[in-house]
Amino acid sequence: QMGPRGNPLASKLAKEADVILALGTRLGFNSTFFSYENINQQASIIQVEIEPTALGRYFPISIGIYADAKTVAKELYDQISSKKEINKIEKWTQNFINERKNYLKLRDKNAEITKIPIQPSGLFKTLRDVLPKNSAVTLDAGTLCLQATDMLNYNESPSLFTPLDFGLVGFSFACGLGVKLAKPDRPVISLMGDGGFGMTISELSTAVQHNINTITIVMNNKSWGAEKAYQRDFYEERYIGADIDSPPFDKVAELYGAKGFDVRKISELKEAISSALKCNKPSVINVEVDPKALYSFRRDSFKHRQNKN
């Protein structure tokens with residue numbers, strides 16, 4: 001998976017590939033930015049998708065296969081299982097594993113865990129370290145949640161629930177309630193920005209009334225992060241409607257009958273998560289994230305489509 005931040009390892013492979021086997025992916029915004037900066041424009045794309053409308057929708061493809069990814073993967077493996085081809089595959093696979101190990105080491109090494117205000121890289125590293133391995137994670141729309149797609153670890157499938165590029169602000173909390181009802185024995189962690197949580201905070205009453213004990217981590221940067229980053233980078237910092245004033249989410253959670261936590265330093269996050277896991281209530285952890293740590297996405301995402309005609 002290339003991921004929304006353009007996972008450097010996967011992006012490198014995609015940019016160098018002569019043939020791209022897109023197995024069970026829409027090649028949507030979250031994995032490509034709809035940009036040839038992340039995949040080789042000259043590569044032949046073989047796309048396998050169980051949703052027929054996704055075939056060739058965002059990038060021209062050489063072959064489209066309307067089928068289940070698992071079935072196609074097995075059939076492909078059966079066809080290339082000669083010793084000669086297996087040796088080639090094992091060499092490629094080992095190289096990928098080695099590069100991935102290096103990438104994960106750098107991800108931890110470069111995380112800013114002492115800086116105040118809290119930096120996203122430090123927040124995500126702490127979550128990688130302290131979240132239970134059987135956690136189910138739900139994400140929202142917005143730049144911080146999109147970064148989390150690549151920055152967290154997902155160990156027991158299904159463990160990642162995301163609106164992808166549908167832009168469903170407020171999705172994560174509601175989705176978390178559904179996941180918890182379906183999997184009551186698993187910890188459910190819902191990541192949101194302050195804007196997204198503000199849209200669905202009233203559903204805390206639902207969570208409290210029906211004992212749906214999820215943990216919501218509000219990454220509070222006091223802004224609509226995606227919009228503010230665009231305005232900063234492309235519109236000369238002419239900010240319009242980008243900043244948000246919100247009540248203290250931890251205290252609002254307490255008023256609803258849930259458990260609230262306020263985190264200002266990374267060192268406080270581990271204890272907050274540990275307490276939330278044990279409290280047997282819906283929990284809201286308000287994490288004050290640096291408002292200046294904004295990540296903007298591509299303004300020219302659909303530029304490649306101009307070459308189709």
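What sits over the ring of Tyr-239? Select Tyr-239 together with Lys-228: the charged end of Lys-228 is placed over that ring, 5.0 Å from its centre. Bear in mind throughout that this is a predicted model.

**Aromatic pairs**

Searching the whole structure gives six aromatic pairs. Select Tyr-36 and Phe-59: their ring centres are 5.3 Å apart and their planes meet at 70 degrees, so this pair is edge-to-face. Tyr-36 belongs to the loop between α2 (29-32) and β2 (44-49), while Phe-59 belongs to the loop between β2 and β3 (63-66), so the pair ties together parts 23 residues apart in sequence. Phe-59 is buried, at a relative accessible area of 1%.

Next, select Phe-173 and Phe-197. This aromatic pair is also edge-to-face, at 5.7 Å centre to centre and with 90 degrees between the planes. Phe-173 is in helix α7 (residues 171-182) and Phe-197 in helix α8 (residues 194-200), so parts 24 residues apart in sequence are tied together by the pair. Phe-173 is buried, with a relative accessible area of 1%, and Phe-197 is buried at 0% relative accessibility.

**A covered helix and a surface patch**

Select residues 143-151, which make up helix α6. How many of its nine residues are buried? The count is nine of nine; among them are Cys-145, Gln-147 and Asp-150.

For a view of the surface, select Leu-21, Leu-23 and Leu-76, which make a nonpolar patch of about 230 Å². Leu-76 is in helix α3 (residues 69-79) and is partly exposed, with a relative accessible area of 36%.

**Backbone details**

Most residues other than glycine have a negative phi, and most peptide bonds are trans. The remaining stops depart from that pattern.

Select Ile-116 and Pro-117: the peptide bond from Ile-116 to Pro-117 is cis, with omega near 0 degrees. Pro-117 is in the loop between α4 (83-109) and α5 (120-130). Then go to Ser-157 and Pro-158, which are joined by a cis peptide bond with omega about -5 degrees. Pro-158 is in the loop between α6 and β5 (160-161).

Leu-27 has a positive phi, near 55 degrees. Leu-27 is in the loop between β1 (19-23) and α2, and is buried at 7% relative accessibility. Finish at Glu-237, where phi is positive, near 60 degrees; Glu-237 is in the loop between α10 (225-234) and α11 (249-256).

Notes:
Residues are numbered from 1 along each chain as its sequence is written. This is a predicted model: local features need pLDDT of at least 70, side-chain atom pairs count only at pLDDT 80 or more; totals for chains, interfaces and linings use all residues. Side-chain values use heavy atoms; hydrogens and water are left out. Rings of Phe, Tyr and Trp (its six-membered ring) pair if their centres lie within 6.5 Å; planes under 30 degrees apart count as stacked, over 60 as edge-to-face and the rest as tilted. Helices (H or I, at least four residues) and strands (E, at least two) are DSSP runs, numbered from the N terminus. Buried means under 20% relative accessible area, exposed over 50%, partly exposed in between (1.4 Å probe, protein chains only). A charge sits over a ring if NZ of Lys or CZ of Arg is within 6 Å of the ring centre and within 35 degrees of the ring normal. Patches are made of residues with over 30% relative accessible area and no salt bridge: like charges are joined within 9 Å, nonpolar side chains (Val, Leu, Ile, Met, Phe, Trp, Tyr) within 5 Å. Accessible areas come from the Shrake-Rupley method with a 1.4 Å probe; for residues, only the protein chains shown count as cover. A salt bridge is a side-chain nitrogen of Lys or Arg within 4 Å of a carboxyl oxygen of Asp or Glu.
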